[in-house]
Amino acid sequence: MDPPEAEPAAQVPSDAAPPQQPRRVCPGCDRPARVCLCHVIPSPPIPTAARVVVLHHPHESRHKLSTVPVLARCLLNSTVLLHRKLRPGLSPLLDRHPPSIYLFPPSSSSSSSTSPCLTLSQLRASDLLRRAEPEGLVVIAFDATWKHAREMVSASEEYLSRFAVRVCLDFDYDESVDGGSIYDSELLLRKEPYGGCVSTMEAVARVLRAVEANGEEVEQRLIGVLKEMVRLQASFLKPVKPRNKLLKKGKQRATIEENGAGAGAGAE
């Protein structure tokens, strides 16, 4: 009995696209090779008296434009906690209740937090920095979308109230104003939800300027890395266009009626 004939191999069209190769990732900074930051990330990392702890939301950890991995590589005394809330047992450092601050702007429209908020200027005038010696102040930042960050802060404040003070940056924050980017004159990598919001890396840089003996130098080095990150991404991302804020139904109706009345008055 003759063996069955083998089926002919499938013919691959000559114009078929070659299989996509996985993009190369730099082993030094763990970023795509085309946007590698090894040439600007400080080596060795920047030493600081302050110890930086970032609570990194699990969803945010998957975002390709997150600044937290870059920040962690830039600072020697930094720790990233992947979690949704601060609680006992999560950080041995925080469980010792060291003199600490946590960063989050005040909100005039939300009553979810009753914690007092110091500006950086008020922080420098307080005795908190003196009390933090010799080990150094602990700076806590929350990294997430605005909605998730609010939830994280609200869930963590009972724990933080035992040892930490809430601090905000020294510029206006306004939920009624559409947000921009870390550099209004450059590419918007990620649109901030409200005026006064900044990236986690920029916020930490501003705070370290205020609390470190060589704070201006530390801030300049961190902002320099951040600017290079923006510059490299500029050739791969489209600029973010401003979005109209969604109004509540009552406000939306009032706006429509007002616009309608204005049009009618002009037509007379």
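Predicted model: local features only at pLDDT ≥ 70, side-chain atom pairs only at ≥ 80, totals over all residues.

**Helices, sheet and backbone**

User: How many helices and strands does the protein chain have, and what share of its 268 residues is buried?

Analyst: The secondary structure comes to eight helices and eight strands. A residue is buried under 20% relative accessible area, exposed over 50% and partly exposed in between, using a 1.4 Å probe and protein chains only. Of the 268 residues, the buried share is 40%.

User: Which strands stand at the edges of the open sheet?

Analyst: Six strands form this sheet in the order S2-S1-S5-S3-S6-S4, with parallel pairing; two strands pair if DSSP finds at least two bridges between them. Each edge strand has a single partner, so one of its sides is left without a neighbour in the sheet. The edge strands are S2 (78–82) and S4 (117–119).

User: By what angle does the sheet twist on average from one strand to the next?

Analyst: Axes are lines fitted to C-alpha atoms, for helices over the stretch in contact, and angles run from 0 to 180 degrees between N-to-C directions. From one strand to the next, the average twist is 30°.

User: Which residue of S6 is the bridge partner of Ile 101?

Analyst: S3 and S6 pair in the parallel sense over four bridges. S6 is mostly covered, with four of its five residues buried. The bridge partner of Ile 101 in S6 is Val 165.

User: Which residue of S6 stands opposite Cys 117?

Analyst: S6 (residues 164–168) also pairs with S4, in the parallel sense and over three bridges. Opposite Cys 117 stands Arg 166.

User: Which strands does helix H6 touch as it packs on the sheet?

Analyst: Helix H5 (residues 146–160) lies across S1 (51–56), S3 (100–103), S5 (138–143) and S6, at about 155° to S5. Helix H6 (residues 200–211) packs on the sheet too, its direction making about 160° with that of S5. A contact means heavy atoms within 4.5 Å, and the strands that H6 touches are S1, S3 and S5.

User: How many residues of H6 are buried?

Analyst: H6 is largely enclosed by the rest of the structure. Its buried residues include Thr 200, Met 201, Val 204 and Leu 208.

User: Against which helices do the buried residues of H7 pack?

Analyst: Helix H7 (residues 215–233) has 19 residues and reaches 27 Å between its end C-alpha atoms, close to the expected 27 Å. Val 218, Leu 222 and Leu 226 are among its buried residues. The buried residues of H7 pack against H1 (68–74) and H6.

User: Are H6 and H7 roughly parallel or roughly antiparallel to each other?

Analyst: They pack at an angle of about 165°, with their axes 7 Å apart. Angles under 35 degrees count as roughly parallel, over 145 as roughly antiparallel, 65 to 115 as roughly perpendicular and the rest as oblique. H6 and H7 are therefore roughly antiparallel.

User: Where is Pro 134 found?

Analyst: The peptide bond from Glu 133 to Pro 134 is cis, with omega near 0°. Another cis bond runs from Ser 43 to Pro 44, with omega near 5°. Pro 134 lies in the loop between H4 (128–131) and S5.

User: Is Asp 30 buried or exposed?

Analyst: Asp 30 is found in the segment before S1. Its phi is near 60°, a positive value in a residue other than glycine. With a relative accessible area of 55%, Asp 30 is exposed.

Key: Residues numbered from 1 in each chain as written. Heavy atoms only, no water. Helix = DSSP H or I, 4+ residues; strand = E, 2+ residues; numbered from the N terminus. Expected span 1.5 Å × (residues − 1).
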